[in-house]
Amino acid sequence: MATTERDYYEVLGVDRGATDADIKRAFRSLAREIHPDVSDAPGADGRFREVAEAYEVLSDPARRATYDRFGHAGLRRRGFRPAYADFGNVADIFAAFFGEDLFGTSGPMRRESARGGDVQALVEVDLEDAFTGTSVELGLEIAEGCERCESSGAEPGTGAVTCPTCQGAGVVRRVSRNVFGEFVSQRTCPQCEGAGESLEAPCSSCGGEGRVVATHRLNVDIPAGIHDGQRIRLRGEGHSGFRGGGAGDMYVAVRVRPDPRFVRDGDDLHTAARVTMADAALGTTVRTPALGGDLEVEVPPGTQPGEVRRIERQGMPSLQGKQRGDLFVRLDVAVPARLTDEQRLLLEEFDRHTTEDAYAREDEDEGFFRRLKSALR
Ligand SMILES: [Zn+2]
Ligand SMILES: [Zn+2]
């Protein structure tokens with residue numbers, strides 16, 4: 001059914017003798033003015049359809065002849081039905097008439113389905129866990145696909161209808177005018193978020209989102225050798241997207257708690273072991289903490305305070321491959337803090353029998369003050 005009984009020539013603002021070119025020019029000019037995506041004026045949509053219908057008739061010589069002789073009634077008798085009745089969208093009418101978009105855009109910017117957001121989580125593990133690798137269970141509030149509507153957002157048994165706000169284009173256009181001219185801006189339709197469709201009835205479980213927030217339990221594998229501050233990315237473990245859109249990622253930031261026994265330097269570990277003054281002078285073995293279990297460290301006779309023993313491949317495992325760091329053990333030589341009378345006598349006796357030669361070091365040529373300087377550096 002036609003939307004107007006108004007005279008088509010009057011609608012387009014041309015006289016009865018107008019040429020095809022005049023008619024086309026008049027239609028284009030009117031369309032730009034009153035296209036409903038452009039004009040905020042009430043009734044713009046209806047007026048556009050009226051103009052489109054007038055153009056559809058007057059631009060076709062056979063229809064125009066029928067109209068000239070028999071008017072609207074003549075067209076109806078011949079079964080004329082305005083083309084827009086088959087289109088859901090006035091923008092499509094433009095395409096039908098001109099094979100182009102009047103506003104110079106290349107099709108709708110549809111948001112097919114928005115990807116869900118990423119999820120951040122923090123886990124804390126002990127250095128021992130970082131040494132062996134571990135698995136941590138997380139419980140997080142995460143948006144998951146809605147089971148009731150299978151993420152479609154539509155109540156089961158209902159479908160989608162063309163979005164009334166954008167007529168299915170997925171975008172809405174706004175024209176602003178100022179002294180420099182006319183500016184057309186386009187943005188994603190706020191009602192359908194670019195889908196071009198809206199739900200007949202939103203799912204009663206998710207309210208049309210296609211996702212629901214639920215407590216999600218998952219185990220995160222923390223690989224051996226993980227470093228403090230590293231993040232593990234779990235693809236697709238983040239929030240589900242809007243109406244079936246892909247899920248975001250989960251980022252698990254790992255904090256490795258410091259262990260009072262060790263200082264970590266990359267994959268190497270540093271620790272300290274205590275050796276008595278006598279043991280350092282006489283030589284012994286001492287136990288040192290290590291992550292795979294305590295180890296024996298050989299202390300050769302004449303060990304100096306602060307000397308460091310390097311135990312290869314007893315540090316942290318490397319994240320990349322089978323390498324392992326080393327364990328560095330600094331030997332703290334303990335000097336007695338208090339002595340009994342008997343011990344003092346013995347030490348005095350020892351001292352009387354000892355010359356400077358006994359304290360001479362193999363690396364003596366380095367010089368005492370150079371050693372001091374390098375120690376202070
Ligand atoms: Zn649902
Ligand atoms: Zn829309």
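Visitor: How much of the chain counts as buried?
Guide: This is a predicted model. Of its 377 residues, 37% count as buried, the cut-off being under 20% relative accessible area. The chain exposes about 22,200 Å², and 49% of that area comes from carbon and sulfur atoms.

Visitor: What secondary structure does the chain have, and how many helices and strands?
Guide: The chain has nine helices and 15 strands. Among contacts with a separation of 6 or more, 65% are between residues 24 or more positions apart.

Visitor: Why is T66 called buried?
Guide: T66 has a relative accessible area of 9%. The cut-off is under 20%, so T66 is buried. T66 sits in helix α4, residues 61-77. Leaving out residues up to four places away in sequence, T66 touches G71, G74, L75 and R78.

Visitor: What makes R6 partly exposed?
Guide: The relative accessible area of R6 is 35%. Buried requires under 20% and exposed over 50%, so R6, in between, is partly exposed. R6 belongs to the segment before α1 (8-12). Beyond its neighbours within four places in sequence, R6 is in contact with V11, E50, Y67 and H72. R6 and H72 are 66 residues apart along the chain, and their C-alpha atoms are separated by 8.9 Å.

Visitor: How do you know that the span of α2 agrees with its number of residues?
Guide: Helix α2 (residues 20-34) has 15 residues. The expected span is 1.5 Å times one less than the number of residues, which gives 21 Å for α2. The end C-alpha atoms of α2 are 21 Å apart, so the two values agree.

Visitor: Which residues of α2 are buried, and why are they said to be on the same side?
Guide: The buried residues in α2 are I23, A26, F27, L30, A31 and I34. They cover an arc of only 130 degrees around the axis, and therefore lie on the same side of α2.

Visitor: Why is the arrangement around the zinc ion (ligand 1) called tetrahedral?
Guide: The protein donors are the SG atoms of C146, C149, C203 and C206, lying 2.3 Å from the zinc ion. The four donor atoms subtend angles of 104 to 116 degrees. Tetrahedral requires all angles to lie between 85 and 135 degrees, so the arrangement qualifies.

Visitor: What spacing do the donors of the zinc ion (ligand 1) follow along the chain?
Guide: The spacing is C-x2-C-x53-C-x2-C. The pair C149 and C203, 54 residues apart, links distant parts of the chain. C149 is in the loop between β2 (134-145) and β3 (160-162), and C203 is in the loop between β6 (197-199) and β7 (211-222). Both C149 and C203 are buried.

Conventions: Residues numbered from 1 in each chain as written. Chains lettered and ligands numbered in written order. Predicted model: local features only at pLDDT ≥ 70, side-chain atom pairs only at ≥ 80, totals over all residues. Heavy atoms only, no water. Helix = DSSP H or I, 4+ residues; strand = E, 2+ residues; numbered from the N terminus. Buried < 20%, exposed > 50% of the residue type's maximum accessible area, 1.4 Å probe, protein only. Contact = heavy atoms within 4.5 Å. Areas by Shrake-Rupley, 256 points an atom, 1.4 Å probe, with all protein chains shown as cover. Donors = N, O, S within 2.8 Å, 3.2 Å for Na, K, Ca; no water. Tetrahedral: all angles 85-135°; square planar, octahedral: opposite > 155°, others 65-115°. Arc of directions from axis to C-beta.
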